Amino acid sequence: MKLRFLGVTALSATLVSGCTHLEVNRHGPDSTGSRSGYAYMLDFTQYQIELKRTLISCDADKVPEVKTEATITALLAPDGEQVYVIDPESMISAFKTSDISITYKDGRLVAFNASTVDKTGDVIASVAATAGKVVLLASGIPIPVSDKAGKAQMCKDDAVSNLALIEANKKPIKAATDALDEANAKLAVLTAQFATKPTEKLRTQIEARTKANAAAKKQLDAITKASSDAQAWLTDRRTATWPDDSSTFHAWSAYPLPIGTADKWFKGDAIRGVIARDQTKTWEDTGDDNKIHLIIEGERGAAYQLGMSPEAFRARYPELNPAVDVTECRKAAGSACGIRLAQLDNDLVNAVYYRSVRAPIALHLVRRGSYGSDKPSAGSSHPKAGLRYRVPAAGTFLICEANQECGDGSGSEPIAKVNGAIAQLGTVFNISFSSPAFASGSVSATFDDQGRLLTAGLKRDNAAALAAANAVGSTVDEAGKVVKAKKGAELAGITNATTLAKAKADLAKAEEGLTKTPQQLASEQLTALQTQQQIEAIQATLGPSQAKDLTNQVAVAKLQLDLAETQRKRAEDPHADQAAVKAQYDAQTGVTNARITSLEAEARMVEAERALAKAKAGS
């Protein structure tokens, strides 16, 4: 009999323990269990880079010069390393109904709303009458579980010719442009004179001048077009998108001049010959023994020129070290030292050729300020962490020369840079949501185009506890009937009365929190009446205009406090310099200032009415 009574207790505990959590699983290549539900990705910041490289110099016996320019556009891309799946079944239980809505834009999560309505009280009430009967038949209740499933020319002839053409046309284009401007000015004078006093002589002069100007413009257009075509031939344009993923913050040598363009412009063998003849001096030096030795470390060193660490250099060229006599090593061409040195010479020449002729660039994402991280933020991996979102950090995207840092404090100016919000430098936060037993709740969130949280809300209602408390009392009554029938009325009555009294006490306490006594209502009404009487007394004492003055002064003071609070928040906001956030603060400040101005104008009007009334009384 005792076991059967515990069965009723177990049933009640099962009914009231229906706490649900919003579960959001992080999805990965091997996480097959997280493929059922509503999937979404966080975004990361990418940049579209329009690179423009122009051949600007092809002097004989010198390495050609290539000018690099860049135009940057910030974009957002889905972050394949931050994929999450919202599990809708996590919000469902035997005693709760749920409602989940998700809004996507271009595959991006922009709004989320989930709610649960607790029905536990209703369910307990419906099963209370049968609970005792069930216990008479069995001591346990099965719970269903759901599944989830001479001099060398290094440029080619066409390059030299086009550079020469552009240079040769600079003065003629300027002279022709100046002459045409002057001729058009004279034509304008003749036209004005003809409009004032038309004569046949002026008509003839205007016709002749018009024809001459048209011929001069045609000639200027031809010269300009020739220079433009030459400039286009000497210019290479390409568009790249970087980074490819959210965990890449630096690229030290990227997007060089295409091989086809380099072959069109340059004589590769001639350039390599000049590099081999002159540039080797930078990584060789004469020692105290009057012998030529190799420099490995430092900016002049061979390792640095190759873009590798000294350790990697020694592993690749084990026979070469600072003690080696470079001259003797080159003489012994067939020796291990001579073979390795020839390999190094060739590698160094190719490295200098690649760096100076093909002109690769370095790319960097740099955090500004104290918020954020220079490493990717993964966020919590626990499913019950809830909805994940990322707040971008203020940062700078820099384009530098290859293998270099640039910008503030580096001593090197960037090719291009842009400041703004960079998503992957920010932190991944989470919005968790749980709905305890006897509670109904909802959670909502909306995000802007940068993935930043715009609005969020959490609501929980415990009113279901009232119905549950009533239902528990009914369940206890039914359990008491069973006990009385099986084990005697006296002992069961005492046990049942104690439990029922506790349930009714819980019910009274819940109702007390939701209703007000007549004494409380009367007290509130009395307070409101006294306040109104005080306001009327002030108006009677001061008069309507003075009362209005005081009201306006109070309102203005409050608005000034609001304005100060807005300015404080703006000063502390790390995103206040971003255009969208700045516009919000500007709009809020503008509205507050407009309200203050309106109240001040109203005060001046009241003062004017008072003065007018006084003047009328005096007359």
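The following legends describe close-up views of a predicted model.

**View 1. The pairing of strand 3 with strand 7.** Strand 3, which covers residues 38–57, runs antiparallel to strand 7, and the two are joined by 8 bridges. Within this pairing, Leu 51 has Arg 238 of strand 7 standing opposite.

**View 2. The disulfide of Cys 58 and Cys 155.** The structure holds 3 disulfides, and in the one shown here the distance from S to S is 1.6 Å. Both Cys 58 and Cys 155 are buried, and their link is left-handed, with -75° about the S-S bond.

**View 3. The disulfide of Cys 329 and Cys 337.** The sulfur atoms of Cys 329 and Cys 337 lie 1.8 Å apart, and the link between these residues, with -125° about the S-S bond, is left-handed. Cys 329 and Cys 337 are both buried.

**View 4. The disulfide of Cys 400 and Cys 406.** Here the distance from S to S is 1.8 Å, and both Cys 400 and Cys 406 are buried. The torsion about the S-S bond is about -65°, so this disulfide is left-handed. When bonded cysteines are counted along the chain, the disulfides follow the pattern 1-2, 3-4, 5-6.

Definitions and conventions:
Residues are numbered from 1 along each chain as its sequence is written. This is a predicted model: local features need pLDDT of at least 70, side-chain atom pairs count only at pLDDT 80 or more; totals for chains, interfaces and linings use all residues. Side-chain values use heavy atoms; hydrogens and water are left out. Two strands pair if DSSP finds at least two bridges between them. Helices (H or I, at least four residues) and strands (E, at least two) are DSSP runs, numbered from the N terminus. A disulfide is a pair of cysteine sulfur atoms within 2.5 Å. Buried means under 20% relative accessible area, exposed over 50%, partly exposed in between (1.4 Å probe, protein chains only).
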